[in-house]
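Work through the exercises below with the sequence and the structure at hand. Each task is followed by a worked solution.

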Amino acid sequence: MDAITFALALVALSPATDEPTQTAEPPTSQGTTIIVKPPLTESERREELRDFTKQIIRPPRLRHPVAKFLYPVCVKVLGLAAPDAEAIAQRIRAHAREFGIGSDDNPDCIPTVKVAFMAPEAGPPERWLSADSPSIAHLAGYQREQVLSEAGPVRAWNRVAVRDVNGRAFRVRLGDQARFPEYTEVEAFNSSDPIVTTEITGAAVLISREAAHGFTLAQLADYATVRTLIGTSAPSQNGSVPAPTILSLFNDAEPPAKMTSFDRALIAELYNASRNSSARRVYNDIARSAAEIERATGSRADTPDQ
């Protein structure tokens with residue numbers, strides 16, 4: 001009887017054979033969901049580069065072309081030891097010659113490109129300039145705001161002159177000097193020949209000397225080149241940068257070692273364009289050139305030029 005009782009107890013403890021076997025649920029991943037996106041088409045990539053170009057080139061006045069230097073530049077670098085200052089100036093001059101702008105190497109030339117490294121005694125960048133500073137008095141109100149609102153250790157601006165189709169200054173008609181001694185008015189454009197050109201007659205970059213510490217002279221020279229030969233701003237820090245650029249020098253933890261192919265397309269296409277090319281055409285040409293370089297190198301993640 002004891003053996004029978006033991007056997008019945010074993011049967012009671014065994015699982016029923018007609019019940020379905022329960023399988024464990026697969027573990028659920030608790031990590032971030034990764035969405036795989038297809039690569040951009042060629043036209044989408046051009047559009048992305050065009051939008052980026054518009055972001056970093058300061059917009060010209062309505063219907064005016066993007067301004068550029070029309071004559072060789074005279075470069076002056078201040079605020080560094082003489083050998084370092086001259087090394088930066090020489091590299092900027094070399095870039096100007098390479099892009100067909102030319103450089104005035106006469107030591108007595110009147111500077112049209114000034115790069116100043118500001119000593120700590122000058123205070124933070126917010127104290128370098130004000131809306132009433134003579135250095136930027138020639139700028140329109142919105143342009144002064146662009147300079148004064150720039151974030152980071154740099155302030156930069158360009159002096160731009162409006163020219164006629166032949167590159168001559170427009171005639172100026174004086175107002176009623178008895179009542180308005182400072183009033184002048186540019187003569188209206190001829191309706192049959194409304195073409196205007198814009199010339200950079202001077203450019204300046206102020207850089208905090210403390211912020212420049214740790215960068216190579218080549219990096220600083222290339223940064224100053226792109227800030228002066230074109231009216232540019234640093235890329236926005238609120239979003240991703242779709243192409244490597246020396247303009248991210250003071251924002252990027254690992255900035256380019258020198259001017260990138262995008263930077264070169266930026267300058268080259270502007271200076272290859274006719275003097276009265278529309279801003280839209282210049283933006284398109286820069287984006288096209290940059291995209292072609294990427295396609296030729298087989299990589300969107302462009303590396304700094306050697």
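**Exercise 1. Decide whether Arg93 is buried or exposed, and list what it touches.**

Step 1. Arg93 has a relative accessibility of 13%, so it counts as buried; buried means under 20% relative accessible area, exposed over 50%, and partly exposed in between, with a 1.4 Å probe and protein chains only.

Step 2. Arg93 is part of helix H3. Helices (H or I, at least four residues) and strands (E, at least two) are DSSP runs, numbered from the N terminus.

Step 3. Apart from neighbours within four places in sequence, Arg93 contacts Val75, Glu86, Ser103 and Asp105, where contact means heavy atoms within 4.5 Å.

A note on the source: this is a predicted model, in which local features need pLDDT of at least 70 and side-chain atom pairs count only at pLDDT 80 or more, while totals for chains, interfaces and linings use all residues. Residues are numbered from 1 along each chain as its sequence is written, and side-chain values use heavy atoms, with hydrogens and water left out.

**Exercise 2. Find where His95 lies and what it touches.**

Step 1. His95 belongs to helix H3, residues 82-98.

Step 2. The relative accessible area of His95 is 8%, and this residue is buried.

Step 3. Not counting residues up to four places away in sequence, His95 touches Asp222, Thr225 and Met259.

Step 4. Between His95 and Leu229 there are 134 residues in sequence, as a separation, and 9.5 Å in space, C-alpha to C-alpha.

**Exercise 3. Describe how H3 and H6 pack.**

Step 1. The angle between H3 and H6 is about 50°, and their axes are 9 Å apart. Axes are lines fitted to C-alpha atoms, for helices over the stretch in contact, and angles run from 0 to 180 degrees between N-to-C directions.

Step 2. H3 is therefore oblique to H6; angles under 35 degrees count as roughly parallel, over 145 as roughly antiparallel, 65 to 115 as roughly perpendicular and the rest as oblique.

Step 3. On the H3 side, the residues that meet H6 include Asp84, Arg91 and His95. Their partners in H6 include Leu217, Asp222 and Thr225.

Step 4. Sorted by class, the contact of H3 with H6 has 10 nonpolar, two polar and three charged residues. Ala, Val, Leu, Ile, Met, Phe, Trp, Tyr, Cys and Pro count as nonpolar, Asp, Glu, Lys and Arg as charged, and the others, Gly among them, as polar.

**Exercise 4. State how many residues of H7 are buried and what covers them.**

Step 1. Helix H7 (residues 261-272) has 12 residues.

Step 2. Nine of these 12 residues are buried, so H7 is largely enclosed by the rest of the structure. Among them are Phe262, Leu266 and Tyr271.

Step 3. The cover over the buried residues of H7 includes helix H2 (42-56), helix H6 (217-229) and helix H8 (279-297).

**Exercise 5. Describe how H7 and H8 pack.**

Step 1. H7 and H8 meet at an angle of about 140°, with axes 9 Å apart, and are therefore oblique to each other.

Step 2. The contact of H7 with H8 has eight nonpolar, two polar and three charged residues by class.

Terms used: Expected span 1.5 Å × (residues − 1).
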